[in-house]
Amino acid sequence: MKKVLTIAAAVTFLFACNENQEKTNEQPCLTMGKSAVIFYSQTGTTALVARELAKQTHAELVELQMTTPYPSTYDSTVSAVRIERENKSWPALQKARFDLSKFDTLYVGYPVMFGTFAPPLYTFLDSNELSGKYLVPFCTYGSGGRKSSSRELASLASNARSLLSFGISKRRVLSPNTDLTKEIRNFLNLVRAGIQEEERLASFGDSQELSGKDSSVFASAVKEYAYLNLQPIRVAKDSAGTGFLFSCRMRAFGAEENVTVQVFKSLSENGEAELIAVEK
């Protein structure tokens with residue numbers, strides 16, 4: 001993978017832009033304008049991310065609430081969402097249509113369900129005009145779904161300008177070891193600098209065969225995700241030596257496909273490897 005622009009360089013460039021958002025000869029800083037954070041949260045995890053985003057962007061906070069909430073248990077919610085997706089019958093919201101004319105940027109958040117955004121987002125998209133807006137997706141998930149969900153969101157809101165998306169596992173949101181404020185601040189720096197998906201991962205080097213240590217890091221990170229049947233093939237590492245991108249085969253949910261598994265492992269020998277995301 002070619003090193004196009006490291007994250008550190010992107011952040012440095014961002015702060016080189018002045019308060020008037022003057023353009024440089026390399027790349028313009030985005031003028032985001034007035035913002036709204038619009039989100040659906042089933043269990044409250046996505047709401048934690050939404051509130052922090054709204055705090056840091058000084059955005060108006062808008063929560064989408066279902067007229068009839070999903071059942072309280074996981075299995076019954078899965079059944080209800082499966083039926084909605086099979087029938088393309090999206091749930092009613094207490095308020096579905098909003099006056100978005102005063103906003104330039106919409107941060108749209110959701111939990112990932114069945115590999116994409118939760119069904120209440122379809123109701124919101126069907127009910128509102130997003131043409132000309134900057135669209136910044138953000139999500140929470142069990143094991144992944146950021147890229148697949150943001151791609152679908154961009155396709156359904158094709159008249160909006162979709163920017164970089166943010167995703168974080170529910171486990172990491174709720175962990176006392178996660179600095180959510182810092183993670184969101186770093187993400188917003190990249191968005192404002194106009195960084196694209198390819199550039200975001202540019203700090204990782206070329207992929208290579210796995211060493212014994214790499215295999216151990218991978219096994220430790222995915223030990224609680226046996227149901228995904230992940231088989232690592234190659235790995236790329238960031239310059240800090242803490243980030244890993246494993247190219248894998250996944251045999252789950254009745255299909256076999258290629259995925260990328262992102263893992264973090266601190267430099268400490270005692271630090272545990274942590275699965276960040278499984279992405280298609």
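At 30% relative accessibility, Lys-237 counts as partly exposed, the class between buried (under 20% relative accessible area) and exposed (over 50%), computed with a 1.4 Å probe on protein chains only. The model is predicted: local features need pLDDT of at least 70 and side-chain atom pairs pLDDT 80 or more, while totals for chains, interfaces and linings use all residues. Residues are numbered from 1 along each chain as its sequence is written, and side-chain values use heavy atoms, without hydrogens and water.

The side chain of Lys-237 meets that of Asp-214 in a salt bridge (2.9 Å, N to O), a term that requires a side-chain nitrogen of Lys or Arg within 4 Å of a carboxyl oxygen of Asp or Glu. Lys-237 belongs to strand S9 and Asp-214 to helix H9, 23 residues apart; helices (H or I, at least four residues) and strands (E, at least two) are DSSP runs numbered from the N terminus. Asp-214 is buried, at 3% relative accessible area.

The structure holds nine salt bridges. Another one joins Lys-102 and Glu-60 (3.4 Å, N to O). Lys-102 sits in the loop between helix H3 and strand S3, and Glu-60 in strand S2, so the pair ties together parts 42 residues apart in sequence. Arg-146, Glu-197 and Glu-279 form a salt-bridge network.

Ser-150, in helix H5, is buried at 14% relative accessible area. Leaving aside neighbours within four places in sequence, Ser-150 is in contact (heavy atoms within 4.5 Å) with Tyr-110, Pro-137 and Ser-165.

Finally, the buried residues of helix H7 include Leu-180, Ile-184 and Phe-187. Gly-194, with a positive phi near 75 degrees, follows H7.
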